[in-house]
Amino acid sequence: MARITRGFVGRRPPVDPARVPPGQYVTHDFPVLSAGPTPRIQTSSWTFAVRGSVDEPRTWSWDELQALPRETVTRDIHCVTKWSKLDTVWTGVSVDTLLEGLGVRGGFVSAFCQGGYTTNLPLADVTGGRAWVAYEYDGAPLDPEHGGPARLLVPHLYFWKSAKWVRGLQITDTDVPGFWENLGYHDRGDPWNEQRYQGD
Ligand SMILES: Nc1nc2c(c(=O)[nH]1)N[C@H]1C(S)=C(S)[C@@H](COP(=O)(O)O)O[C@H]1N2
Ligand SMILES: [Mo]
């Protein structure tokens, strides 16, 4: 007679604690954290711009972005509200690909978004294969709640740096604090050094 072994069905493999930054816990949900309403964005009118301290500013349409080489990456993500999610799968265009040949002069970027959110990063944190403009999550188009049609993905920093509904990168010569950084959050936000707030 068939028996059901309760407690084993759906059990997940244990988490390697070395993958979880200090003060974080692992969640299997995908929480939504937005400072305002979720914009509904038509890809037909969507553009992505690189502008500011750059020799050749550029704007891509949605179709032009789709035509660029895409990468699928599996990364752990860490929110400053203390959840981490392991092995998330994203597809998008590497920021290296977008900046190639534009003659970037400034050393910092401000990601800007539909809805007005901004976040600042050193150029070094979005280049060298560490940041993407991501438009798929888990093999499906990115949900509007999670930043669709496209968001910045900078998984090695706290997730507030991964700007949802991103519309471009402003290249700057000096570091210009963004939305959360102006409200007291850390300028860089490295989860492994627990850079949550200014002064951490
Ligand atoms: N445009 C925009 N991007 C944003 C935010 C936001 O409010 N607006 N919130 C940030 C914060 S604080 C976090 S933790 C993550 C949350 O992403 P998620 O809702 O997909 O989990 O998005 C970041 N990007
Ligand atoms: Mo966050």
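View 1. The H186 side chain reaches two backbone nitrogens, that of R188 at 2.9 Å and that of G189 at 3.2 Å. Beyond its neighbours within four places in sequence, H186 is in contact with W160, K161, E181, Q195, R196, Y197, Q198 and D200 (contact means heavy atoms within 4.5 Å).

A word on conventions: residues are numbered from 1 along each chain as its sequence is written, while chains are lettered from A and ligands numbered from 1 in the order in which they are written. Because the model is predicted, local features need pLDDT of at least 70 and side-chain atom pairs count only at pLDDT 80 or more, whereas totals for chains, interfaces and linings use all residues; side-chain values use heavy atoms, with hydrogens and water left out.

**View 2. D76 and its partners R19 and D87.** D76 belongs to strand 4, residues 71–78, and counts as buried because its relative accessibility is 18%. Its side chain makes a polar contact with the side chain of R19 at 2.8 Å (a pair of N or O atoms within 3.5 Å; within protein, one must be able to donate a hydrogen and the other to accept it, and residues adjacent in sequence count only if both atoms are side-chain atoms). The D76 side chain also reaches the backbone nitrogen of D87, at 2.8 Å. Setting aside residues up to four places away in sequence, D76 touches R19, K85, L86, D87 and P155. D87 itself sits in strand 5, residues 83–94, and has a positive phi near 60 degrees without being a glycine. With 44% relative accessibility, D87 counts as partly exposed.

**View 3. Ligand 1 in the largest pocket.** Which residues come nearest to ligand 1? Of the 20 residues around it, they are P31, A35, H146, R151 and K164 (around meaning a heavy atom within 4 Å). An oxygen atom of the ligand lies 2.6 Å from a backbone N or O atom of A35, and a nitrogen atom of ligand 1 is 3.1 Å from a polar backbone atom of S162. In the side chain of K164, an N or O atom is 2.6 Å from an oxygen atom of ligand 1. Taken alone, ligand 1 exposes 530 Å², and the protein buries 97% of that (Shrake-Rupley method, 1.4 Å probe).

**View 4. Backbone features at P149 and E194.** G148 and P149 are joined by a cis peptide bond with omega about 15 degrees. P149 lies in the loop between strand 9 (140–141) and strand 10 (151–153). E194, found in the segment after helix 4 (179–182), has a positive phi of about 45 degrees although it is not a glycine. E194 counts as partly exposed, at 30% relative accessibility.

**View 5. A124 in helix 3.** A124 lies within residues 123–126 of this helix and is exposed, with a relative accessible area of 51%. A124 and G107 are 17 residues apart in sequence, yet 7.7 Å apart in space from C-alpha to C-alpha.

Terms used: Helices (H or I, at least four residues) and strands (E, at least two) are DSSP runs, numbered from the N terminus. Buried means under 20% relative accessible area, exposed over 50%, partly exposed in between (1.4 Å probe, protein chains only). On a 1 Å grid over the protein atoms alone, a cavity is a set of points where a 1.4 Å probe fits but cannot get out, and a pocket is an open set with protein on both sides within 12 Å along at least five of seven lines; lining residues have an atom within 4 Å of a point. A molecule sits in a cavity or pocket if more than half of its atoms lie within 2 Å of its grid points.
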